[in-house]
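Hi there,

Here is the structure I promised to pass on to you.

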Amino acid sequence: MAENKNKEKNDKEKKKQENKARLGGMTRLWGLVRKEFFQIMRDPSSIMIAFLMPVFLLLLFGYGVSLDAEDVPVAIVTEGTGNEIQRFTAAFDQSRYFEPTYYWNMKEAVDALMDHRVDGIIRIREDFSRDLVRGGGAPIQVILNGVDANTARLVSGYVEGIWAGWLEDRARMQGTDLALPVELHHRIWYNSEVRSRNFLVPGLIAVIMTLIGALLTAMVMAREWERGTMESLLVTPVRIREVIIGKLIPYFVMGMGGMALSVAMAVWLFHVPLRGSLWLLILTSALFLLVALGMGLLISTAARNQFVAGQIAIIVTYLPAFLLSGFLFDIGSMPEVVQWITYIVGARYFVAILQSLFLAGNIPSVVLFNSAALMLMAALFLGLSRLKTRKRLD
Amino acid sequence: MSPSESDSGTQSERQEEPDRKDREDQKDRKGRESALELEGVKKSFQQEKLTIEALKGVSFKTQKGRITGLIGPDGAGKTTLMRICVGLLLPDAGSISVMGKDVVADPLSVQSAVGYMPQRFGLYEDLSVQENLDLYADLQGLPKSERKERYEELMGMTRLGEFTDRLAGRLSGGMKQKLGLACTLVRSPEFLILDEPTVGVDPVSRRELWSIVSRLVEKEGMSVLLSTAYLDEAERCHEVVMLHEGEVLGHGPPADFSRKEEGNAYRVTAQGMKNREIQSRLARGEGVVDSVISGDGVRLVMAADHEPDGEKLLPDAEDVEIASIPPRFEDRYVSILKAEKQKEEKEGEPQSGEASEPGDHENHPGKKDQKKRRSLEEPGGGDGAEIRVDGLNRKFGDFYAVKDVSFDVKAGEIFGLLGANGAGKTTTFRMLCGLLPPSGGTLSVAGVDLRSSAAEARARIGYMSQKFSLYGSLSVLQNLRFFSSAYNLKGKERKERIDWALDQFDLRERAEADSGEMPLGYKQRLALACALMHKPEILFLDEPTSGVDPMARREFWNRINALSRAGVTVLVTTHFMEEAEYCDRLAIMVTGEILALGTPHEIREQASEKSGKEVTDMEEAFIALIEEKDGGE
């Protein structure tokens, strides 16, 4: 009986203590968060990473980098004359994809290619008109600079397009129909103008959030170790979870700010359509940010100086987000081994979500699958960093 | 902390409740209850393939409401011990309880009772004084209602009240340290642990820090454990634990330590001989345990079975006076460490040369050689002043780091620049070495301005920077090779110099060791060796003894004395006031200005005159001069 009473009393006291502890926890957490914000405001380098870098990257990728081939300089070598040839070359003149320069002999054209003045040579032989009339095939030689494989492929496609158009015209003029058994009609969905900006800019948001979430977080944690502030922090009654959450909240806010900035620039500056739901975009971004923050915290458990933390963060988070997320290079065309590796790159899932939300709209299967993957990764990274961060120096 | 642990904790407390009264009675009978109890604490670290035993079974108890000093040379394990006490490190073996709580089992409850200030207190430098305080008040859970009062109290104690809006990074070294202490004390802890709180702090702030700690102990009954490199501070502790290479060598009130040297301490003076000369001769005498310059004489500690004999110790001096004086803690400390070292040497391989007695630098340019060289320069050099500084200024933004500094250093002199961290010593140094252009004034070193003159002049100076700028990932030998080639030494000469450095600085054993992982004392020796590779005529030493323990500092000064005897001009900065006594002349610098200039004796006289009381050591002189200056403004 007495024991029971004692126990009750104990329980009550325990609850009281727990309550007090919780209140204390809130005070401590609030103190840490406030401190972090003061530091962010006074340290220009973190603001630079969070807001200036995104603007810089967006401008660079929005204006500077274009994967479209427009006004490609080509050399056209016409060794003969004739209406047929003129009409053929006129098609190049009119195309917005090409900017032709005319040469009368092959040698000059090859020199131009060597000097990178042109990206390709289209050679029409002297006997082109004659062969055409005689029937049995009139060859046109196309030489491309294959160093930039992407442009080469595009140019080759455009040349074929021009050739097909010219054939059609010619047939019409001769009053006969070009009787092809199969007709090809192109229609490009989601990005009908085939602007690379439209898929680069949404993908960039993933890169930017990786930068803020992982790089910045890893570096500011390392800074605490480097400056010895962590040692003083750890001996206070603060709990490890409070230290972690105290870092998560400020950089979560920063990351979402960077995201908002990028979305605003994408929509209003680059006129990238946002076809899906804004709320879904915010929700999935938050999820991805947790993955990035988790990675940053995990790195900081291993690297206790800013230089090393920054290097690791760039190598294991930023570069993969750049190269292996499908934001710049299509995952489907990577070697199979590399494709497998992309599954552990969180940005991969987020890029898929972003590209479909911006260009296609809410596609449940895409959003659900990729969000589930993100959720799993966030839980894994945050859980691991909680386990790995100890209130000790060793 | 898991709930089951906290449960067992409260249970055990409850069980103890009935006999608490008994215990209190017992406590009264036995004296005080213990604040800290260590039992067989061991800790080792893995460093690549090497296992370093930082603590080899440490056991001691300290009492509540007392100041316990943790004293020991560099690398003795003081910081490791303190970190274990606050739960930042786990011991490999043994048990520790702080205020009756087991640290290993329940670090959180220990941490809420303990205030810990690490060697480099982690102030957030981009936060203001007030914001730092707020953060620690939040972390320590100080109720909002009590804050105003507590802040006022702390600010009053530390005299930081007028700086609450200033960023912590903009405070002086002493103020930072006081703010660190204020943050640690924000919620008056039961037990205060301070790791070298006074290193690099000016004497005035040092005195303030001590008076804060003493007041806390007296008024609030706080228990304190602090480590220190200043042996005079040991005497202010109630009890002292002496740690050496991870073992406790002694434990007791400081008076008990010094009592053991009763009758062994003397004060030696001799007419017509420099104190430095007396000191270095005494150091080599038979049966001499320790000799240091102190005020206008030399303190001498003899082994218990030796009597000091003036004739024998100083054969060519006149009017040698040897008077018995009361011993102090430092005497005992040095004698314990010396005995320990001899024991080690007996156990290990017998070493040829006594490490603590550096021989003359035979290979160094001898006096003759040096004189010859100088006589060649003399026509241009004028009155033989090697370094001349006139009206030197250096501004950073609108802040004067160095303001109107003038002095000159004569050939073969040891000239000291004395001052706390941030007094402008390093800035002055960098200008002298031509690393930083002055904003105003003129300077010349060996007759030229190093900034404009060519490498030729630089080859005549040696520079040892504050942080011993060595290549940490290179071995000792590789560092020596690098620096000798940087100074253009080749072939046989280079080999000779490297051999000289290895022998002269006792580095041969460690020739292959990574220099970054050696104890500080070794690093310092290697750095000095590197600075001397090219036999410079002028040696610049920037804080050469910072963070180095008293034994290594003695050794270091012996070397500097030997260099000076060989004719090398030495310019040295230090924040250890007692080291000033080794200088021929010195300048005391405060906030970029020279406060006093002269021989140690002259400076003490000046201070005595100004303060109107007898000043016997440099520290008192420094404080008196500062107070006089502050009062005058």
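**What turned up**

L319(A) sits in helix 11 of chain A, residues 306-323; helices (H or I, at least four residues) and strands (E, at least two) are DSSP runs, numbered from the N terminus. This is a predicted model, in which local features need pLDDT of at least 70 and side-chain atom pairs count only at pLDDT 80 or more, while totals for chains, interfaces and linings use all residues. Residues are numbered from 1 along each chain as its sequence is written, chains are lettered from A and ligands numbered from 1 in the order in which they are written, and side-chain values use heavy atoms, leaving out hydrogens and water.

L319(A) is partly exposed, its relative accessible area being 38% (buried means under 20%, exposed over 50%, partly exposed in between, with a 1.4 Å probe and protein chains only). Together with I314(A), I315(A), V316(A), L323(A) and F329(A), L319(A) makes a nonpolar surface patch of about 500 Å². Patches take residues with over 30% relative accessible area and no salt bridge, joining like charges within 9 Å and nonpolar side chains (Val, Leu, Ile, Met, Phe, Trp, Tyr) within 5 Å. A salt bridge is a side-chain nitrogen of Lys or Arg within 4 Å of a carboxyl oxygen of Asp or Glu. Areas are from the Shrake-Rupley method with a 1.4 Å probe; for residues, only the protein chains shown count as cover.

Over in chain B, there are 22 helices and 23 strands, and 53% of the 633 residues are buried. The chain exposes about 28,200 Å², with 46% supplied by carbon and sulfur atoms.

Helix 6 of chain B has a kink of about 25 degrees centred on R150(B) (the bend is the angle between axes fitted to the seven residues ending there and the seven starting there). R150(B) is among the helix's buried residues, which also include Y151(B), L154(B) and M155(B). After the helix comes R159(B), with a positive phi near 55 degrees.

Q140(B), in helix 5 (residues 129-140) of chain B, is buried at 10% relative accessible area. Beyond its neighbours within four places in sequence, Q140(B) is in contact with T236(A), P237(A), V186(B) and R187(B), contact meaning heavy atoms within 4.5 Å.

Finally, V548(B) is in the loop between strand 20 and helix 20 of chain B and counts as buried, at 1% relative accessibility. Its C-alpha atom is 9.7 Å from that of Y522(B), 26 residues away along the chain.

Best wishes
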